[in-house]
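Please look through the sequence and the model shown here before reading on. The paragraphs that follow start at the surface and then turn to the salt bridges.

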Amino acid sequence: KNKKKEYKLVQQYLKEGSLVYELYAVLVHNGSATHGHYYTYIKSYENSLWYCFNDDRVSEIDVIDIEKTFGGVGHSNAYALYYRQVNGK
């Protein structure tokens, strides 16, 4: 379901040009400038679901969890964003 929706969006964007990118990973820092912890959200190639990789735990997450790391008021903030070029196939 997600994959079909994303495929349609990619096809639409590719009509405007070949340089289409998608977010596939977010490095998150939880804490302050003096201490904290890092973990990563990564999107699966196979099923387009997002997963949290946190030390020895891997768990499926919802997109809303990712959105909360952008400019939120909590102590978890997106530290680095990773994009990959898509080809629409």
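A residue is called buried when its relative accessible area is under 20%, exposed when that area is over 50%, and partly exposed in between, with a 1.4 Å probe and protein chains only. Leu81, at 37% relative accessibility, therefore counts as partly exposed. This is a predicted model, in which local features need pLDDT of at least 70 and side-chain atom pairs count only at pLDDT 80 or more, while totals for chains, interfaces and linings use all residues. Residues are numbered from 1 along each chain as its sequence is written, and side-chain values use heavy atoms, with hydrogens and water left out.

Leu81 belongs to strand E5 (residues 76-85), where strands are DSSP runs of at least two residues, numbered from the N terminus. Together with Leu19, Tyr21, Phe70 and Tyr83, Leu81 forms a nonpolar patch on the surface, with about 540 Å² of accessible area in total. Such a patch is made of residues with over 30% relative accessible area and no salt bridge, nonpolar side chains (Val, Leu, Ile, Met, Phe, Trp, Tyr) being joined within 5 Å and like charges within 9 Å; accessible areas come from the Shrake-Rupley method with a 1.4 Å probe, and for residues only the protein chains shown count as cover.

The structure also holds 2 salt bridges, each a side-chain nitrogen of Lys or Arg within 4 Å of a carboxyl oxygen of Asp or Glu. One joins the side chains of Glu22 and Lys43 (2.9 Å, N to O); because Glu22 lies in strand E1 (residues 21-31) and Lys43 in strand E2 (residues 36-43), the pair ties together parts that are 21 residues apart in sequence. Lys43 is buried, with a relative accessible area of 7%.

Glu22 also meets the side chain of Arg84 in a salt bridge (2.9 Å, N to O), and this pair links distant parts of the chain, with Glu22 in strand E1 and Arg84 in strand E5, 62 residues apart. Arg84 is buried, with a relative accessible area of 10%, and salt bridges that share partners join Glu22, Lys43 and Arg84 into one network.

Terms used. Helix = DSSP H or I, 4+ residues; strand = E, 2+ residues; numbered from the N terminus.
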